[in-house]
Amino acid sequence: MLGASTLIAVGLIISALSLTEIRARDSQHVAQATPPTQSTPGSETKPPAPSEPGTTGQRPHDIPPQPARPDPEAQKLGAQPALPPAPAEKVAPPIREKEK
């Protein structure tokens, strides 16, 4: 209990010293303001930036969608599947019927 009280007292003393040091400093150094914005030198002679291209929100129609699994004939011609093969399903041995 004595150790906890000592730690609390030391913490309060350090806090009080920190607050007095902050108040003793010049207030302009504590609160910094952002300087006013200035234009870039020579910005009058530079052309304006190009505008952003507008998006229509639709998919492009010039590229047809490709299947994730090409048919076997296309795979023979060299088409690669877009996805890895699916994992094999876990199958239990067949249930044997009880002998009568």
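Predicted model: local features only at pLDDT ≥ 70, side-chain atom pairs only at ≥ 80, totals over all residues.
Residues are numbered from 1 along each chain as its sequence is written. Local features need pLDDT of at least 70, side-chain atom pairs count only at pLDDT 80 or more, and totals for chains, interfaces and linings use all residues, while side-chain values use heavy atoms, without hydrogens and water.

Colleague: How many helices and strands does the chain have?
Modeller: Helices (H or I, at least four residues) and strands (E, at least two) are DSSP runs, numbered from the N terminus. The elements run α-α-α from the N terminus on. The count is 3 helices and 0 strands.

Colleague: Is proline 81 buried or partly exposed?
Modeller: Buried means under 20% relative accessible area, exposed over 50%, and partly exposed in between (1.4 Å probe, protein chains only). Proline 81 has 32% relative accessibility, so this residue counts as partly exposed.

Colleague: Which residues does proline 81 touch, not counting those up to four places away in sequence?
Modeller: Contact means heavy atoms within 4.5 Å. On that basis, proline 81 touches Ala68, Arg69, Pro70 and Gln75.
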